[in-house]
Amino acid sequence: MGPDGVGAFRPLIIKSIHRKRLPVKEVRAGQSSSFALKKIKRGEIRKGMVLVSPKSEPKGVWEFESEIRVLHHPTTISVKYQAMVHTGSIRQTASILSMSVQHMRTGDKAICRFRFIKNPEYIREGSRMVFREGRTKAVGNIIRVFPDAPAPYRGNRRDKMKPKYNARRRIKSYNDRHDTEPAMSETTSELSVTSNNSAANT
């Protein structure tokens, strides 16, 4: 079952299979059924995961290439554009890394390289896909996958724990320190003048 957050698959044990609310011993590809999985928590399963044979050597991919046609878009589509990708049971936002053309408008066709934003997915070449965001709609076919593409860098955890630099606080502390010093000097001068006057009277 997989892929998980890093694109790996894990073996599991199926306790029972139900199809149309009846217990069965096996199901075939394309049939809808329910599986009772052993030693698997509900939080470990997400939409888009698949059950495949280990003989197929499955891999989760971050990037893939697709030939798409834009059915409708109000303006233009270019690199770094993000939208929701639908292919099979997968529903995830993807970003365009590169395009065979500079821009795409309604009716245009191009080969684009996509990258999933959150998790790697199990996709196969030749699968149909829908690319949409709001009123934007595009359809296409996945022509190539890149199983060796690295995972996106999301920063170091220690960097996130560092306190942020607060310039306003630094300026305020500087002003407080700057206002305090002249007041202390004026008080010192008044004390010195008073002491000099008292010495002259004596």
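First, the ground rules. The model is predicted, so local features need pLDDT of at least 70, side-chain atom pairs count only at pLDDT 80 or more, and totals for chains, interfaces and linings use all residues. Residues are numbered from 1 along each chain as its sequence is written, and side-chain values use heavy atoms, with hydrogens and water left out.

Let's start with the fold. The protein chain has two helices and nine strands. Helices here are DSSP runs of H or I with at least four residues, strands are runs of E with at least two, and both are numbered from the N terminus. In what order do the elements of the protein chain run from the N terminus on? The order is β-β-β-β-β-β-β-β-β-α-α.

Now the barrel. Six strands close it, in the order β4-β7-β6-β5-β8-β9, and the pairing is antiparallel. Two strands count as paired if DSSP finds at least two bridges between them. The twist averages 45° from one strand to the next. For that angle, axes are lines fitted to C-alpha atoms, for helices over the stretch in contact, and angles run from 0 to 180 degrees between N-to-C directions. As background, strands of a sheet pair through backbone hydrogen bonds, either parallel or antiparallel.

Strand β6, residues 90-99, meets strand β7, residues 109-116, in the antiparallel sense over five bridges. There, M99 stands opposite C112 in β7.

Next, some totals. The protein chain has 202 residues, and 25% of them count as buried. Buried means under 20% relative accessible area, exposed means over 50%, and partly exposed is in between, with a 1.4 Å probe and protein chains only. The chain exposes about 15,100 Å², and carbon and sulfur atoms supply 51% of that area. Accessible areas come from the Shrake-Rupley method with a 1.4 Å probe; for residues, only the protein chains shown count as cover. On contacts, take those in the protein chain with a separation of 6 or more: residues 24 or more positions apart account for 63% of them. A contact means heavy atoms within 4.5 Å.

On to salt bridges. How many does a search of the whole structure find? It finds five. The criterion is a side-chain nitrogen of Lys or Arg within 4 Å of a carboxyl oxygen of Asp or Glu.

Here is one of them: E44 with R10, where the closest N and O atoms are 2.9 Å apart. This pair links distant parts of the chain, 34 residues apart: E44 is in the loop between β3 (34-38) and β4 (63-72), and R10 is in the segment before β1. E44 counts as partly exposed, at 33% relative accessibility. R10 is also partly exposed, at 39%.

Then R46 and E121. Their closest N and O atoms are 3.1 Å apart. R46 sits in the loop between β3 and β4, E121 in the loop between β7 and β8 (128-133), so this pair too links distant parts of the chain, 75 residues apart. Is E121 buried or exposed? E121 is buried, because its relative accessible area is 2%. R46 is partly exposed, at 22%.

Now to the barrel strands again. R113 forms a salt bridge with E63, with the closest N and O atoms 2.5 Å apart. R113 lies in strand β7 and E63 in strand β4, 50 residues apart. E63 is buried because its relative accessible area is 8%, whereas R113 counts as partly exposed at 24%. E63, R113 and R115 are linked in a network of salt bridges.

A few backbone points. A cis peptide bond joins G2 and P3, with omega about 0°. P3 is found in the segment before β1. K20 is not a glycine, yet has a positive phi of about 55°. R21 is not a glycine either, and has a positive phi of about 65°. K20 is found in the loop between β1 and β2 (22-24), and R21 lies in the loop between β1 and β2. K20 is exposed, at 70% relative accessible area. R21 is exposed, at 82%.

Last, the surface. Which residues form a nonpolar patch there? They are I14, F35 and L51, with about 240 Å² of accessible area together. Patches are made of residues with over 30% relative accessible area and no salt bridge; like charges are joined within 9 Å, and nonpolar side chains (Val, Leu, Ile, Met, Phe, Trp, Tyr) within 5 Å. I14 lies in strand β1, residues 13-19, and is partly exposed, at 37%.
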